[in-house]
Amino acid sequence: LTIALALSLFSALSLAYILSERLAAPLRVLARGTRAVARGDYSQVSQTHSRDELGMLTQSFNRMTQQLSEARTLAQDNQDKLQEAKVYLESILSSVDTGVVTLDSDLQVRLVNPAAATLLGSSREALEGRALSAWGDPDTGLRQFAVAMTDQFGEAAGQPWQMEVELATTAGIHTLLARGTRLHAGESAHYALVLDDISKLIQAQRDAAWGEVARRLAHEIKNPLTPIQLSAERLQMKLADQLDDRTRQLLVRATGTIIDQVAAMKSLVNAFAEYARTPSLQAQSMDINAFVRDVVALYEHHSPLATDLAADLPAVSGDPVLLRQVLVNLIKNAEESLADSPAPSIMVKTRRAGDMARLCVEDNGPGFPESLLNRLFEPYASTKPKGTGLGLAIVKKIVEEHHGSIEVRNLTPHGAQVCVSLPFMEKENE
C-alpha cells in the first residue's frame, strides 16, 4: 500500500508538472516576445499549434508583431524618402540665385536659402527660427524690409502678391523684387517669400533709356548749332562797323554770349554722343603697373598724387586708349573733390583680387553723398556744380566693355574710393 501510494503521488506530481509545463510554455514564449517588442525587436515570433485560448492569443500576438514590423519598415522607408527629398530640395535651393524664404502660419521663418541670406546681408542662423518682423536691429534697413514684408503678407490675406522694395545693406542699396505666395501644406497656412535682385536689370534699363536719349539729343541739337554760331559771327562782322560804340559793345557782348553758349552746347552734345556710342575696343596685353606710372607721370608736377602698386601682377586685357580715359577721369574727379581741402591727397593703388587686377583711386576729400552712391553711374548724377555728369557713366561703359566691374565707396573717417577690376589676360583667353 505504501509503495502504491508513493507511485500514485509520484505519478500525480509528474502529470501535474507535465500539464503545467504545457500550459506555461506558451505564456513564457509570449512573455519573451513581449519583452522583445518592448526593446523594438519584432523578429521573435512565437510558434504554437494549439487551438485553445492560449493558441489564439499567441496567433494574435504573431499577427500584431508582423504588422508592427511591416509598419516600422514602411515608416523607415518613408522617412528615408522624406530625408532624400529634403536633401534634394535643399540642394536645389542652395544652387539657385533666387532667394527663397519659407514661413509658417504665424510668419515664423522656417527656411532661408543661401541666396536669400546673401541678398539680405545676414547669416542663415540669424534669420531662421525667428519672426519675420524681428529680423535685424531696430532702425536698420533689414528691419524696415522685414516690417514691410510682414505688412504685405497681412494685406494680401493669403493671395499672391509682388512688390519692388529697396534694401540698404553694408554692401549698398539693392532693389529687390519680392513675391509672396501661400503654400498648400495641409490645413495650416504656410507661406513662401521669393526675392530677386533686379538692381542690374533696372540699371541696364536706365542705361538703355539714357543711351536712346543721348542719341536723339546729339542728333537733334548738334545740327542747328553750327548755323547759329556762324550767324552770330556774321552779324558781328557785318554790323560792328556800322554802329556807334555803345551799340557795337552791346552787339559784341550779345554775339559773344551766343558763341560761348553754342560752344558749351557743342561740348554737352559731344559728351552725350560719346556716352551713346559703344566704345570701339582694341584689347591687348597690358602691364597695369606700367600703364599707371605713365598716366601718373602727367600729374607729378601739379597734383598731390602718390602710387602704391602691387608687385608681380599678371598682364591684363585692355585697350590702353580707353583705359587711359578711365584713369584720367577718375583722377580728375578726385582733384575736383579736393578743391577746398587743406591737405589734399590722392592715392592710386593696384592689387590682385582673385583672377582680376584691381585699380583703385582714393582721395581724402568729403566723399560722395549717401543719397547718390546708388546712382553715381547714371547721367547727371554729379556732385559738381559744373560739368555734364557723364564722366562716371562713360567710365562704367568702358569698364563693362572690358568685362570688368567698378565699385564706389566712402572711406572712414572721410574720403572716397573708386575701384576698377579688370580680368587678367589668361582669364580673358579662357
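A polar contact is a pair of N or O atoms within 3.5 Å. Keep that in mind as you look through these close-ups of a predicted model.

**View 1. Aspartate 287 caps the N-terminal end of helix α8.** Look for the side-chain oxygen of aspartate 287, which lies 3.1 Å from the backbone nitrogen of asparagine 289. The helix itself spans residues 288-296.

**View 2. Helix α8 has a set of buried residues.** These are Ile288, Asn289, Phe291, Val292, Val295 and Val296. They sit on the same side of α8, because they cover an arc of only 160° around the axis.

**View 3. Threonine 350 meets asparagine 289 through a polar contact.** Here the two side chains are joined at 2.8 Å. Threonine 350 belongs to strand β9, residues 346-353, and is buried, with a relative accessible area of 1%. Among the residues it touches are Ile288, Val292, Leu309 and Leu359.

**View 4. Five strands form an open sheet with mixed pairing.** Follow the order β7-β9-β10-β12-β11. At the edges you will find β7 (305-309) and β11 (405-410), each pairing on one side only. From one strand to the next, the twist averages 15°. Zoom in on β9 and β10 (residues 356-363): this pair runs antiparallel and is joined by 8 bridges. Within it, arginine 352 stands opposite alanine 357 of β10.

**View 5. Two helices meet the sheet.** Helix α8 packs on the sheet and touches β7, β9, β10 and β12 (416-423). The direction of α8 makes about 175° with that of β7. Helix α9 (residues 320-337) lies across β7, β9, β10 and β12, running at about 25° to β10.

Notes: Residues are numbered from 1 along each chain as its sequence is written. This is a predicted model: local features need pLDDT of at least 70, side-chain atom pairs count only at pLDDT 80 or more; totals for chains, interfaces and linings use all residues. Side-chain values use heavy atoms; hydrogens and water are left out. Buried means under 20% relative accessible area, exposed over 50%, partly exposed in between (1.4 Å probe, protein chains only). Helices (H or I, at least four residues) and strands (E, at least two) are DSSP runs, numbered from the N terminus. The arc is that of the directions from the helix axis to the C-beta atoms. A polar contact is a pair of N or O atoms within 3.5 Å; within protein, one must be able to donate a hydrogen and the other to accept it, and residues adjacent in sequence count only if both atoms are side-chain atoms. Contact means heavy atoms within 4.5 Å. Two strands pair if DSSP finds at least two bridges between them. Axes are lines fitted to C-alpha atoms, for helices over the stretch in contact, and angles run from 0 to 180 degrees between N-to-C directions. Lists of a residue's contacts leave out its neighbours within four places in sequence.
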